[in-house]
Amino acid sequence: QVTLVESGGGLVQPGGSLRLSCLASESIFADYTMGWYRQAPGLQRELVARITTSRLTTYADSVKGRFSISRDKDTMYLQMSSLKLEDAAVYYCNRAPLPSDRWWGQGTPVTVSP
């Protein structure tokens, strides 16, 4: 059973930066395209970035140029810069574009506030 643990969230001012991490209990990143998702209150969870097994990356238009996804053997990262109020959400990692219901972790909350 794969376990994903997200960390690195917190409170940041608009324009600030954060780096999120996703630690996997098994070496899955070489086998699956992975992604970072986010869910803001009252909204559906959305995929904001993904990285393939060959490290090709794609981004949602809303974060393009500001977020960067990367990974090493067991950890995936999301470097977030120039954060906006609308980036506030709980961030999760999972397979992409079809996440596994069994892989959802607790997420890590990101709060963007002046």
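Modeller: Happy to! Let me start with a word I need at once: contact means heavy atoms within 4.5 Å. This is a predicted model, in which local features need pLDDT of at least 70 and side-chain atom pairs count only at pLDDT 80 or more, while totals for chains, interfaces and linings use all residues. Residues are numbered from 1 along each chain as its sequence is written, and side-chain values use heavy atoms, leaving out hydrogens and water.

Let's begin at Ser100, which lies in the loop between strand 9 and strand 10 (helices, H or I of at least four residues, and strands, E of at least two, are DSSP runs numbered from the N terminus). Leaving aside residues up to four places away in sequence, Ser100 touches Asn94 and Arg95. Ser100 has a relative accessible area of 6%, so it is buried (buried is under 20%, exposed over 50%, partly exposed in between, with a 1.4 Å probe and protein chains only).

Now widen the view. Both strands belong to an open sheet of six strands, ordered 2-10-9-4-5-6, with mixed pairing. Strand 2 (10-12) and strand 6 (57-59) are at the edges with a single partner strand each, so one side of each has no neighbour in the sheet. On average, neighbouring strands of this sheet are turned by 25 degrees against each other, direction ignored (axes are lines fitted to C-alpha atoms, and angles run from 0 to 180 degrees between N-to-C directions).

On to the charges. The structure holds five salt bridges (a side-chain nitrogen of Lys or Arg within 4 Å of a carboxyl oxygen of Asp or Glu). Arg38 makes one with Asp87, with the closest N and O atoms 2.9 Å apart. That pair joins distant parts of the chain: Arg38 is in strand 4 (residues 34-39), and Asp87, 49 residues apart, is in the loop between strand 8 (75-80) and strand 9. Both Arg38 and Asp87 are buried. Arg38 also forms a salt bridge with Glu46, at 2.7 Å between the closest N and O atoms; Glu46 has 33% relative accessibility, so it counts as partly exposed. Together, Arg38, Glu46, Arg66 and Asp87 are linked in a network of salt bridges.

Methods:
Pairing = 2+ DSSP bridges.
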